[in-house]
Amino acid sequence: EDKITVFAAASLKNALDMVNAEWQKETGNEAIVSYAASSALAKQVEAGAPADVFISADQAWMDYLAESRRIRQDSRANLLGNQLVLVGASDNMAAVNIRQGFDLATLVGDGKLAMGAVDSVPAGKYGKAALEKLGVWSSVEAKIAGAENVRAALLLVSRGEAPYGIVYRTDAIADPGVRIVGTFPEDSHPAIVYPIAVTADSKSPAAAAYIAFIRSDAAAALFEAQGFTLLK
Amino acid sequence: MDWLVLSDAEWTAIRLSLRVSSVAMLVSLPFGIAVAMLLARGRFWGKSIVNGLVHLPLILPPVVTGYLLLMLFGRRGPIGSFLEETIGLVLSFRWTGAALACAIMGFPLMVRSIRLSIEAVDRKLEQAASTLGAGPIWVFLTITLPLIIPGAIAGMILSFAKAMGEFGATITFVSNIPGETQTLSAAIYTFTQVPGGDAGAMRLTIVSIVISMAALMVSEVLAGMAARRVERT
Amino acid sequence: MDWLVLSDAEWTAIRLSLRVSSVAMLVSLPFGIAVAMLLARGRFWGKSIVNGLVHLPLILPPVVTGYLLLMLFGRRGPIGSFLEETIGLVLSFRWTGAALACAIMGFPLMVRSIRLSIEAVDRKLEQAASTLGAGPIWVFLTITLPLIIPGAIAGMILSFAKAMGEFGATITFVSNIPGETQTLSAAIYTFTQVPGGDAGAMRLTIVSIVISMAALMVSEVLAGMAARRVERT
Amino acid sequence: MTLEVQTTHRLGGFSLDAAFSSDRGVTALFGKSGSGKTTLINIIAGLLSPDSGRIVLDGDIIMDSGNRSFTPPHQRRFGSVFQEARLFPHLSVRHNLTYGRWFAPANQTGQDFDRIVDLLGIEALLERAPTNLSGGEKQRIAIGRALLSSPRLLLMDEPLAALDEARKAEILPYLERLRDETDIPIVYVSHSVAEVTRLANRVVALEDGRVSASGDAATVLSLSALTSMIGRREAGCVIEANIEPDAGDDPRLTVIRAGETLFRVPKVSLPAGHAIRLHIAARDVLLAISAPQGLSALNIFEGRILEIGAEAQGAIDVRVDCGGNTIVSRVTAHSAERLALQAGMPIHVVIKSVALEQ
Amino acid sequence: MTLEVQTTHRLGGFSLDAAFSSDRGVTALFGKSGSGKTTLINIIAGLLSPDSGRIVLDGDIIMDSGNRSFTPPHQRRFGSVFQEARLFPHLSVRHNLTYGRWFAPANQTGQDFDRIVDLLGIEALLERAPTNLSGGEKQRIAIGRALLSSPRLLLMDEPLAALDEARKAEILPYLERLRDETDIPIVYVSHSVAEVTRLANRVVALEDGRVSASGDAATVLSLSALTSMIGRREAGCVIEANIEPDAGDDPRLTVIRAGETLFRVPKVSLPAGHAIRLHIAARDVLLAISAPQGLSALNIFEGRILEIGAEAQGAIDVRVDCGGNTIVSRVTAHSAERLALQAGMPIHVVIKSVALEQ
Ligand SMILES: Nc1ncnc2c1ncn2[C@@H]1O[C@H](COP(=O)(O)OP(=O)(O)OP(=O)(O)O)[C@@H](O)[C@H]1O
Ligand SMILES: Nc1ncnc2c1ncn2[C@@H]1O[C@H](COP(=O)(O)OP(=O)(O)OP(=O)(O)O)[C@@H](O)[C@H]1O
Ligand code: MOO
Ligand SMILES: [Mg+2]
Ligand SMILES: [Mg+2]
C-alpha cells in the first residue's frame, strides 16, 4: 500500500480527517496530514518538504508555489468553497440584512468587530474586500479586531468580547455560542476557494488518485456535513 | 535600501511594543521578586502548585495561554469584570491587555532568574543584619534586594525580550488592533502570512533585534556594575 | 469522562513530545554550559554579539525563528544540506528538527540560568583547587560544575518546559506531521483551529501540564538535594 | 544587667547542654575547637532556635521553650561579632559600620563613630568596598559594626584572632573600658588565656557541649583541670586584687593588694580600690629557699608550699600559699629535688613585676 | 631548595614592593594587619599576577615578568592554607582532604592520610559535609588538605589562628618535623611570636608593603624596632643554639650551647648537635647584682650590661652580653634604679628553665 503526505490548512482538519479515513478504507492507502497555517505550509513545500499534496486556505499561497514551480500546475484544482457570514454573540441574535451600505457601524456600536487579521488571514482579507464592496469599510475600519485566525475571531464573539464577527460559515455553524445573523453575498468578495495541487517533488503514484478521490461524491458528503461546498 | 524605510503604522507598532514590553517588565518585577522569594524561601503547603502555576505560560502553547487569559481577564471573565467594575481597568482589546499577556508569558523567566539569585544569597549576611536590629522587611530591603540585583536585571531583560517576541498569547487575548494592540511581533507575523511579505518582516525583525540588543547591552552593563560591587567577600 | 480517553494518535504525540523535549534539553545542556561559561567568564571581542545571538529566539516571534531555521537547516539550506551530506543528519521534517527548534527556543532560558549560577560560584574555591594541582579543566569538572548543578537543573527544566509548550517555531520549521513532527503542542494547536476541538485541546493540555509538573517536581527535588550539599560554608 | 542562659540542642552527632548566668561584665566562653562555643553564641543571638532552653536578660525573657516565647534576633539587639567577618559586600565600609544605627533607638545613636574608627585604625578604609580588605581589616570592621549598633549585649566570637599583637593591645583596653563603664554584658569567645584573663569576670569552660567548669575568672582559670585546654604555656593562677590607695615610693609603680599580699606592678591608671585581676602564669614564678638579694624582681613574698604536683614533661607545678592567695609556680623536677621542696615547707616566691604588666 | 621572590604590585591605594630569598625551612612573614602578607602569599601561589616580579624555586623560574613567563598555579604545586578555609562545599571532608592527591605525581601519593587525620583530630569529621563544621574544624581540614597534596612548597596564611592552644601545641611539632625532615620550604604567616620563633628559620617583616627587616629569625626577632609589631609581651631575644652531647647530671634536662653559654632546658628529644632556637622574652629574664642562692632557676649566667634602653611604660629593656649572646631583660624602672644598673656593669642573668620550654 501507499502512503501519502498531505499539507493542509488547519481549518480543514475535521472534514479531511474523515475523508482520509474513508480513503484508507477504500484503498488501503494511508494519508498523513500536517495541518498548519497555509503560509507556513507553502514555505515548507518551497523548502522541499516531503509533501505530496498541498491544500491551501486561499489562492495566494498556491499562486506563490505555482510561481516558483513547486507544484504540478496540471494537478491544481479548486477543491472547496466556503461562505462568509456575520455572527453575533448571544445577546445579538437578531438577523441582519447584509446589503450595500448596511449600518454595521451602529450595530457594532462601542464594541469591536472581530475578524481574521485583514492583511494576513484569508478570512480577514475576504471580509475586508466584502466590507469595501458594500461601502461600509471606512465606517468600521477603526473597530476591527484582527485575530490570528478565524477560530480566534469566533472565540472573541462567543466570549462576548466583541458583539459581532465575520467568519467562515464552517466555523460558525459548529459553535453554539454564536449565531449566524447574516451571510455576505457571494459577489461581495472574491470567491472563497481552497485550492489543491500535487507538489513538484512528489514521487507518490497515489497522489493523483487521492485528489480524484477527495473531489469525488463520496468525499463531498463529508465536506458538506462540515459546511463546505465542493467545487467542481 | 528603500525597504528599510518604516511606515507610520510601523513606527506606531514600534512605540507600542516598547511601551508594552517596558510596562510588562516593570509591572511584573515586584510580583516576580515576591514569588521568587516565596519559592526560594517559603515552606508551605501547595508550594509546588504555585511553582507549577508560574511555569504554566512556558508549558502551554501560547495560544492556549491567550485563550485562558481571555477566559479570565476578558470583559466577561471573572477577573476582567471585577477589575473593570472596581478600578475601571479594562484589559481586553487594550494595550494594557497586551502588556498583561507579555508579562505573564515572561513571568516564569523572570521568577527563575530572581529565584536563582535569591538562592545564591549568603543567609549569614541576613543573619548579621538581623543581629544589628534590622527586622525581616529591612533585611530584605537593605541586604537581600541589593544582593539580587544582578538576578533581577537578568530577569527583567528576559521578560523584556520575551515581550518583544511574544505574539501568540497577545493576539489571541487582545487581537491585532493597529495602534492599540498591534505590537512589533504581531506586525511581523502579519507580514509572514502574506506571500511577498518577507522584506517587511525582515525590516521589522531588524528593528526588533536592534531594540532588544540595546536593552541587552544596557542590562549587561548594569548587571556588571552591580556584580562588581557585590563580589564575594 | 470519555473525552479524557486518548487516541492512538495522541499517545503518539505524547511520546514524541517527551522524546523531543528530553533530547532538546539534554543535547543543548553541554552547549548551554559552554556558552554560559563563555558569557560569564570570557572576555573577548564580540561577546555582546554572542550574547545577542543567544537571546535571539526569545526576541523574535517564533514564526520568524521557524522560518530562519527552515532557511538554514532545511534540506536546501546551507547548514541543512551540509549536515545531510557530511554526517547524514536530516533535520527538516523529522523529529530531530523539532528537537532542534525546541532546543533553540529554550536555549536563552537555559544559558541564563546556568550563567547566573556560574556568576554565583565563589572563585576563591576554584583558586584553592588550582593550588592543589587541578588544571583549568579539572577545576571546571570537579569544582565549578558540581557547584552549578542547581542552576543547570533550573536551566534544564526551563528548556524542557519550553519544549513542551513550543510550537510556533517547530510547526514552521518541520510542519505538523503526525508521528514524526506533531508534538503535543502542535496537536493542541490543531485542535484549536477547528470547530469543536476544545475538548481535545483541553485533554491534551492537561496531559502536557501533568507531564511538565512531574518534571518540575523532580527538578525541584534534585535541585534541593544538590543545594543542600552545597550550602555556603 | 544579668544574663541567664540554659539550653540544650542537638546538631547531628553533636549535642549541646549548657547553662550559665552572668552579671554585667565579660563572660568568657572557653573551650577547644568544636566544643560548642559558636553554637551557644548563635543560640543567644537568636540565630539558632534550640531544642529547648531559656534565656533571660535582666528579667526580660528573651526566649523560653517552655512557653514557646521567642524574641527574634532583630528585637534582641545583641550585637554580634562573628567568627567570619560577614561584612555586607554591597555597602562601603562606612555604611557597614553605620548599618546598625538605622535601627538603634534614637537616643542612643552614638557620637562614638570617630572614636571607634580611630581605635580600630580603619579611617583609611571608610570609603572602600569590603571585598578586597585584608583578613584583619575585615575583622576590625566587624568589631566596629557591632560596637556601633548600640547593643544591649555583645556577643564576640574570637574577635581578635586575626589581629596582630600590637593591634590587639590597642583594642583590649577599649573592651575593658566598655566592660567597666557601661552596663553592656559581653559574651566573649577566645582561645587566648591572656585575653580572657584581662577581660573576663566569669569564665564558662565548655567541653564537648557540656559546661565543665564555670564561675569567676580567677577560680576557673586557676583550675589545673583546665591546663589541657589552656595550654601549658599559659597555665597558672589568677588573683583578684584591688588598687591600694598608697602607691608606695615610686610613681611609676602601682601597689595592689590581694588579701594580705601587696604586689608592685607597672603603673596602672585606675582609681584606688578598683578591682583588678592578675594572671600569673606558673612559668613566670620562681621559688627560692632563702630570701634572694639584689634581684631585679620586686615581688618577693614569703609563703608556704601547699602542694607539689605531679611531674609532667620534666616539670612540676608547686602551689604556694602567700597571704591567702594560691600562687602556682612551675619548676623543673630537677630544681624541685635540688631544693628539696616539700609540702608545708616555707618558701620565697619571686615574681617579676613586668610579668604582671597589663 | 631555595626560594627567591621579588615582586612589586599595586592594589588600589596599596603598593607592595618586596623581595626575599630563603633556603629550605620555614620563612615567616610577619607584619601588622594590612601590611601585605596575604597579597605576597597570593603572588607566590600564582593566584595574583603581579605588576612585575620574579619567583625562582630551586633554579626553576616560576614566574618572571621580564620574559613574561608565568607558571599557572596548578603547575606550581604550592600547597596553600588560606586565611579563610575555602573548603569545597560539595565534597565531604574526606574528599576535601584527598582532593590534591588526584593531581599529585603518582609516586608521591601519601600514606600519610591516617597520620595527618590523627594529628589534626578530624577522624570523626571525615564523612561530614564541610558546611556546618566549627571554625577551627574547618581550618584544620584546610591544613590537612594542603599537607596531603604533596606540595613542592607550603604557603600557610595564619593557619593556626582559629585553634585553641592545646591543638596548636599538637600541630606545631608536626610542622617542625616537616621543616626538619623534608625539603619542602614553608612560607608561614603568623601574628604569634611564639609560633614564629619555634618554626621560622628566616623572618621577613613587612611594613606597609615594604620589607622592613629580613634575615635569620634570631636576628630579626631580636630587633627592638620590631617591638611595635611583636607586642611588648613577646618582645625579647632569640638565640641560636645546639644540643650538647653531654646531657649533664639529670636525664630530664637537656643542655644546649649558645656560644660559651650552656642553657639547661626541659628535655628536648633531638640528637646532639641539632640546632635549636630559643625565644627568651625580655619579661622572663631577671637580673641580679650578686649570684643568687637557693633559687629554683637553673640558668644563672654572668654577663655584662651592654645597653640600658629607654623607659617605656615604667619598664626598661636591658641588653646583656652573656658569653657572646645578647639577652634582653625587662625590669621596672624602679628596679633599675634600685640596683643602679649601668652599661658596662657586670650582672647576673636569671632565666627559668621552664620559661625555655619548647
Ligand atoms: N549542623 C550540624 N550538624 C552536625 N554537627 C554540627 C552541626 N553544626 C555544628 N556541628 C558540630 O558541633 C560542634 C560545635 O560547633 P561550634 O561551631 O559550636 O564549635 P566551636 O566551639 O565554636 O569551635 P571553634 O573554636 O572551632 O570555632 C562541632 O563539632 C561541629 O562539627
Ligand atoms: N583590590 C584591592 N584594592 C585596594 N586595596 C587592596 C586590594 N586588595 C588588598 N588591598 C589592601 O592591601 C593591603 C594588604 O592586604 P593583605 O590582605 O595582603 O594584608 P595582610 O597583611 O594579609 O593583613 P591581615 O593580617 O589583616 O590579613 C590591605 O590594606 C588591603 O586593604
Ligand atoms: O625555676 Mo626553674 O628554671 O624551673 O628550675
Ligand atoms: Mg566557633
Ligand atoms: Mg591576610
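Predicted model: local features only at pLDDT ≥ 70, side-chain atom pairs only at ≥ 80, totals over all residues.

Colleague: Which residues coordinate the magnesium ion (ligand 4)?

Modeller: Thr38(D), through OG1, and Gln83(D), through OE1, at 1.9 to 2.2 Å. That pair links distant parts of the chain, 45 residues apart: Thr38(D) sits in helix α1 of chain D, while Gln83(D) is in the loop between β7 and α3.

Colleague: Now the interface. How much area do chain A and chain B bury between them?

Modeller: First, the general idea: the size of an interface is often given as the accessible area lost when the parts come together. Here, chain A and chain B bury about 2,100 Å², with 56% of it on carbon and sulfur atoms. Glu148(A), Arg159(A) and Glu161(A) supply 32% of what chain A buries against chain B, more than any other three residues.

Colleague: How many salt bridges are there between chain A and chain B?

Modeller: One. Lys43(A) pairs with Asp198(B), and their closest N and O atoms are 2.6 Å apart.

Colleague: Which element gives the most to the side of chain A that touches chain B?

Modeller: β7(A), with four residues. By class, that side of chain A has eleven nonpolar, four polar and eight charged residues.

Notes. Residues numbered from 1 in each chain as written. Chains lettered and ligands numbered in written order. Heavy atoms only, no water. Donors = N, O, S within 2.8 Å, 3.2 Å for Na, K, Ca; no water. Helix = DSSP H or I, 4+ residues; strand = E, 2+ residues; numbered from the N terminus. Buried area = accessible area lost by both parts, 1.4 Å probe. Salt bridge = Lys/Arg side-chain N within 4 Å of Asp/Glu carboxyl O. Nonpolar A, V, L, I, M, F, W, Y, C, P; charged D, E, K, R; others polar.
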